[in-house]
Amino acid sequence: MLKEIVVPNDLSAAKQPEQEILAEVKTCGYCENSAFAVKLALEEAITNAYRHGNKADPSKTIRVCYEVTEEKVEIEIHDEGPGFVPEAVPDPTLPENIDRPHGRGIMLMRAYLDVVEFGSGGKCVRLVMHRK
Amino acid sequence: MHETPFAVNVEKRGDAAVVFVSGSCTMNVSKKLTDCLRELGGAGHKLIVVETSELDFIESSGLGGIVAGYLRTRMHKGEMRLVSPTPDIRRLLEMTRLV
């Protein structure tokens with residue numbers, strides 16, 4: 001059963017679910033590298049929800065659902081934006097994109113976690129990390 | 001993972017500037033790094049050194065700030081170097097092919 005936290009579309013307010021999830025990650029005894037990976041993926045997903053999904057609109061919200069167990073960390077981040085097509089996001093590691101200041105978030109989530117799945121037309125991302 | 005206070009301190013040494021970046025560069029503070037490096041990049045320094053030995057976390061907006069600062073520095077005929085990253089930060093830079 002996933003726990004749910006809804007926060008205003010604000011990067012400071014969005015630290016609350018991050019801190020709660022990381023506290024559970026620590027309680028469950030995950031290593032520092034795993035905590036780093038979860039924190040990075042959460043920051044990227046929440047920033048995407050705030051900036052690209054909700055377009056920095058303070059009247060919108062970000063919904064975070066999560067479960068931390070001995071076996072895995074599972075998180076869903078939902079925004080209220082129009083969605084997007086993940087496959088249309090350019091690969092930031094290609095030479096022609098290296099100089100672009102933006103566009104590395106999805107790539108980093110995929111590099112650090114075991115599962116990164118987009119749903120609801122890009123309005124939701126599901127993140128899973130299994131205990132190593 | 002413990003989050004440490006984020007700080008950006010600049011020391012100017014002749015034509016050069018050293019930027020000491022420390023703590024956790026998270027989503028709600030990374031703009032501070034971006035603004036600092038953009039401003040320095042446009043100020044005509046021949047060399048900007050970004051010292052990261054005390055930086056324990058950075059997300060993609062912060063990385064983007066470094067890229068934006070680098071581009072601005074280069075546009076103004078200067079050079080930017082990022083030095084002393086911790087293993088976690090070096091891994092991030094390598095994954096994103098920024099080093």
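Modeller: For helices, axes are lines fitted to C-alpha atoms over the stretch in contact, and angles run from 0 to 180 degrees between N-to-C directions. The model is predicted, so that local features need pLDDT of at least 70 and side-chain atom pairs count only at pLDDT 80 or more, while totals for chains, interfaces and linings use all residues. Residues are numbered from 1 along each chain as its sequence is written, chains are lettered from A and ligands numbered from 1 in written order, and side-chain values use heavy atoms, without hydrogens and water.

In chain B, helix H1 (residues 30–41) packs against H2(B) at an angle of about 5°, the two axes being 8 Å apart. H1(B) is therefore roughly parallel to H2(B) (under 35 degrees; over 145 is roughly antiparallel, 65 to 115 roughly perpendicular, the rest oblique). On the H1(B) side, the contact (heavy atoms within 4.5 Å) is made by Ser30(B), Leu33(B), Thr34(B), Leu37(B), Arg38(B) and Gly41(B), and the residues of H2(B) that meet them include Ile66(B), Gly69(B) and Arg72(B). By class, this contact holds four nonpolar, eight polar and two charged residues, where Asp, Glu, Lys and Arg count as charged, Ala, Val, Leu, Ile, Met, Phe, Trp, Tyr, Cys and Pro as nonpolar, and the others as polar.

A pocket is an open set of 1 Å grid points where a 1.4 Å probe fits, with protein on both sides within 12 Å along at least five of seven lines, and lining residues have an atom within 4 Å of a point.

The largest pocket has a volume of about 540 Å³, and of its 33 lining residues Asn48(A), His52(A), Phe84(A), Val89(A) and Ile106(A) are the closest to the centre. Helix H2 (60–75) of chain B contributes at least two residues here, as do helix H2 (32–53), helix H3 (105–112) and strand S5 (124–130) of chain A. The largest share, eight residues, is that of H2(A), and the lining comprises 14 nonpolar, 12 polar and seven charged residues.

H2(A) packs against H3(A) with the axes 9 Å apart and at an angle of about 150°, so the two helices are roughly antiparallel. Asn48(A) and Ile106(A) belong to this contact, in which Phe36(A), Leu40(A) and Glu44(A) are among the other residues of H2(A), and Leu108(A), Met109(A) and Tyr112(A) are among those of H3(A). By class, nine residues of the contact are nonpolar, two polar and one charged.

H2(A) also packs against helix H1 (residues 15–27) of chain A, the axes coming within 10 Å and crossing at roughly 160°, and these two helices are therefore roughly antiparallel as well. Lys15(A), Glu18(A), Ile21(A), Leu22(A) and Val25(A) of H1(A) meet Ala35(A), Val38(A), Lys39(A), Leu42(A) and Glu43(A) of H2(A). Six of these residues are nonpolar and four charged, with no polar residue. Helices (H or I, at least four residues) and strands (E, at least two) are DSSP runs numbered from the N terminus, and a volume is the space filled by probe spheres set on grid points joined across faces, edges and corners.
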